Amino acid sequence: MLDWLKQNWLLIVVPLLVFFATYIVGLWARRTAFRAFERWVEKSNWEGYRLIIEATRTPFLHWFLILGTFIAIHVSALQSAQKALADKVLASLFIISVTWVCITLSDRLLRLYIDRVPRLHPSQALIVNATRITLAVLGVLILLDTWGAPTTPIVVLLAVAILVAALSFRDTLMNFISGLQLAQSEQIKVGDYIKLETGESGHVVDINWKSTHIRSLDGNLIIVPNSRLLQSSVTNYGRPLKKASRPFRFYTRLHLKELTGLKASSLAELATMITQVPESVIYYHTHNFLEEHHFLTPEPANDFALWVSDELGCEVLGEKLASIDTFDFPTISALRTRIASMINEHLSQYPDGQKARPGREFHFVKSLSFVLPTPYIAHDLREFVEILKQVSLESLFYHMFESRLRLKRGVNDFSIWIEECLGDKDLADRLANLDPYNYTLDNLRSTIVQLIEKRIK
Amino acid sequence: MHNDRHGQSRSRLQDYEPIVGKSCIQQLRMLAEALSGKVIQIINSTFIGGGVAEILEHMVPLFNQLGVDARWDIIKGSNEFFEVTKKFHNALHGKQDTISSADFDLYLEVTRENLEEMRFFADIFFIHDPQPAALIAKKREIGKKWVWRCHIDVSNPDEQVWGFLRQFIVQYDAAIFSAPNFAQSLPIRQFMVTPSIDPLSDKNKDIDRNLIESVLTKYGLTSDKPMVVQISRFDRLKDPLGVIEAFEMVRKSIDCQLVLAGGTATDDPESEAVLDEVRKRAEGNPDIHVLLVPPESDLEINALQRAATVVVQKSLKEGFGLTISEALWKGKPVVASAVGGIPLQIRNKLTGLLCYTVEGAAYAIRQLLTNPEYAAWLGRNGREHVRQNFLITSQLRNYLLVFLALDRSEDVIYL
């Protein structure tokens, strides 16, 4: 034995030297490479690089140990069959190490992203384990292939299983991946006010691994699959604006016409009855044309002016009555007085007026208002303007016309809220000074929306 | 959609949303909720024929879809009874007719029979027109709220008939008229609710051009010539002879054709005689087409209205004149008499043209036939006016409001 060592000491020493030399090169290479990598990582914002460094630092050395062993064996005097067996063992160790690194790295990277999506927490173990199993199976397959075991049927079987699973859970997978992308990009966050290209809008209340939940302004919950959200065009208005001290509840108002049975066939009768009928009647006849033909023309005439011109042929008086700007009057009582005095002035000059034809008399109608709350509540100007775009024209009518004059608030509801609850007197005044009678209702809505959007830009 | 008793497809409430808007449907739901728990019994004289049955056919299912328990019943009566009520109808319109005490007795007798046979189970009884008006006698026994819906212009009625009916009307809690000038002085509350059309019914829904062409071919009409159309029952009050006269004036200078199309209702025994008169008057003029259309031909009526260049409604008297809204909804320029509820639908020179005479009608038709752009502008305005005010959803809303108003007297009601 001793003789054999004396004669063949080189056969042992050279492989050992090669092994240690490779190990030392490995130590040097790891130090150099990782230092360079760390310098580069410092400039990058991605936290994942640090995880890569942590996960590969120790295995890197193991790989050089395996490499050293491999070279040492190949420079040794071992027989070919022994070398082939050693190659397989070393390859297996390398595959096991790389698989282990991949599993560790995927675990850490997944946890990094899952931590950013709170609703993914319950599914964390499931996702991590699924990834571990996938990588382990891949490692085993490669290992089997290294030892010459028949892996093709297993690979085909696995491929089919994966394909079926991918097809079955395609949408879920897409939503999951999209959820990760949303989380990474941070373009949409809980609390943001967003508007989808389909017109739906609201505050983001939740983002989970399948979908994003949006609370619309009328209180409905809109659930949008993450993949759809990522593919569609979304306007993100960001965080809410200054919150009002009291939210604005939108109401709507429906009206019913109640017949009074009263009718006038001459100017004198008209003037007398105007002073006697309830305020609801005056309100009806000064707003009826606007309500029924609001899409046709701004500056609607009141019913008195139309009847006096069309039926009695008093075009001068008709023009005067039509020129009464309802906006100038804070109360119906003041409006009534003005209309009656205008007719009486005319009567004092032309007492013998024409009478209406039978069947064409002026019929006094009363407006009954039914006020209903809508589901829309605004907490800030952004919400307010978005709701304003959606509410019915009846709602607009109620807050801009009815509340100011009929409910004797003097100013429209919007101005009152903006001044009292948001403290924006300038915007409140602009709305208060807007004469709504000069617009069709659609144009009035657009004008108010423009004023507010300009303010919150 | 599913089918009603005539096999027509019945619309769901949400089908109206693209036409009237989401908020309108929301409002209806809120009103219906405020009315929950109440049962409404609707009573009229026929399930088929005429504007009342037509609108109820579509409205009752919509009430139910809103969650309002509305049920529709009709009174039973012999032909003699309906001849009497037709006389009442004409008399309320102001037409002189001989009505004997036997006629009144028959009316009361049939009412008594119906009072005995019918079940009265509602919280609100919604009675339509004079035929079942005397059922109010039941109120003394069972109480509840009673509303009389008058579809007729009773502004200048025959005093004898009105006096007879008035004794019943004043016992109601409220009456509903289609226009302010239709009403009478009554000691009960009176509301105004205009009737309406259903935009999704066979009569008003959008239809294919091929279907229009096939209807024209069926009736021997051609789309090569401008077409003046009046759709209404053959009734003297619709003045079909006046329409022919106006057409003949127009035809002197413009090559066009006239279509008078209409049907008969089960409660209108006079229709056949009027139809004969019209046919005789049109004899020998190949440009005048008199078409008797059975009640089930709504798609054909729709096609004829859509094929029209100008739609005419030259009524001498009119309840409301739903055919005006039908034509306006199809974007057609309309020439109509300024009677009954027509001025509510046509604001002269803004949503159509009003006339008072045969000559005026001829002049307006000529204006529209020679100025197609003006005609189209009027048509567009008219369609929007109908969308805002005369669709079935508006009427549904107004009826719900009336039911809600029955228990309240204030002018501003917070629900």
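Is Asp239(B) buried or exposed? Select Asp239(B) to begin: its relative accessibility is 13%, so Asp239(B) counts as buried. Buried stands for under 20% relative accessible area, exposed for over 50%, and partly exposed for what lies in between, with a 1.4 Å probe and protein chains only.

This is a predicted model, in which local features need pLDDT of at least 70 and side-chain atom pairs count only at pLDDT 80 or more, while totals for chains, interfaces and linings use all residues. Residues are numbered from 1 along each chain as its sequence is written, chains are lettered from A and ligands numbered from 1 in the order in which they are written, and side-chain values use heavy atoms, with hydrogens and water left out.

**Stop 1: two loops of chain B**

Stay on Asp239(B), which sits in the loop between S9 and H9 of chain B. Helices (H or I, at least four residues) and strands (E, at least two) are DSSP runs, numbered from the N terminus. The phi angle of Asp239(B) is near 50 degrees, a positive value in a residue other than glycine.

Next select Lys349(B), in the loop between helix H13 (342-345) and strand S14 (353-355) of chain B. Phi is positive for this residue other than glycine too, with a value near 70 degrees for Lys349(B). Lys349(B) counts as exposed because its relative accessibility is 54%.

**Stop 2**

Select Asp235(B) and Lys86(B), whose side chains meet in a salt bridge at 3.7 Å, N to O. The pair links distant parts of the chain, 149 residues apart: Asp235(B) is in the loop between strand S9 (227-231) and helix H9 (240-251) of chain B, and Lys86(B) is in helix H4 (residues 79-92) of chain B. A salt bridge here is a side-chain nitrogen of Lys or Arg within 4 Å of a carboxyl oxygen of Asp or Glu. Asp235(B) is buried, at 6% relative accessibility, and Lys86(B) is buried with a relative accessible area of 6%.

**Stop 3: helix H11 of chain B**

How many of the 10 residues of H11(B) are buried? The count is 9, and the helix is mostly covered. Among the buried residues are Asp298(B), Glu300(B), Ile301(B) and Ala307(B). The cover over the buried residues of H11(B) includes helix H8 (209-218), strand S10 (257-262), strand S11 (288-292) and helix H12 (322-329) of chain B.

Within this helix, which spans residues 298-307, pick out Arg306(B). Arg306(B) is buried, at 16% relative accessibility. Show contacts (heavy atoms within 4.5 Å). Not counting residues up to four places away in sequence, Arg306(B) touches Asn204(B), Lys205(B), Asp206(B), Ile207(B), Ile212(B), Lys330(B) and Lys332(B).

**Stop 4: Ser394 of chain B**

Move on to Ser394(B), in helix H16 (residues 392-405) of chain B. Its relative accessibility is 5%, so Ser394(B) counts as buried. With neighbours within four places in sequence left aside, Ser394(B) is in contact with Gln388(B) and Asn389(B).

**Stop 5: salt bridges of chain A**

Over all chains, the structure holds 47 salt bridges. Which residue forms a salt bridge with Glu386(A)? Select Lys195(A): the closest N and O atoms of the pair are 3.3 Å apart. This pair links distant parts of the chain, with Glu386(A) in helix H13 (residues 381-390) of chain A and Lys195(A) in strand S1 (residues 193-196) of chain A, 191 residues apart. Glu386(A) is buried, at 1% relative accessibility, whereas Lys195(A) is partly exposed, with a relative accessible area of 21%.

Then select Asp426(A) and Arg455(A), which form a salt bridge with the closest N and O atoms 2.5 Å apart. Here too distant parts of the chain are linked: Asp426(A) lies in helix H16 (residues 425-432) of chain A and Arg455(A) in helix H17 (residues 441-456) of chain A, 29 residues apart. Asp426(A) is partly exposed at 38% relative accessibility, and Arg455(A) is partly exposed at 33%.

**Stop 6: a charged patch**

Finish with Arg31(A), Arg35(A), Arg39(A) and Lys43(A), which gather in a patch of positive charge on the surface. A patch is made of residues with over 30% relative accessible area and no salt bridge, with like charges joined within 9 Å and nonpolar side chains (Val, Leu, Ile, Met, Phe, Trp, Tyr) within 5 Å. Lys and Arg count as positive, Asp and Glu as negative, and His and the chain ends are not counted. Arg35(A) belongs to helix H1 (residues 2-43) of chain A, and Arg35(A) is partly exposed, with a relative accessible area of 46%.

Key:
Accessible areas come from the Shrake-Rupley method with a 1.4 Å probe; for residues, only the protein chains shown count as cover. The place of a charge is taken as NZ of Lys, CZ of Arg, CG of Asp or CD of Glu.
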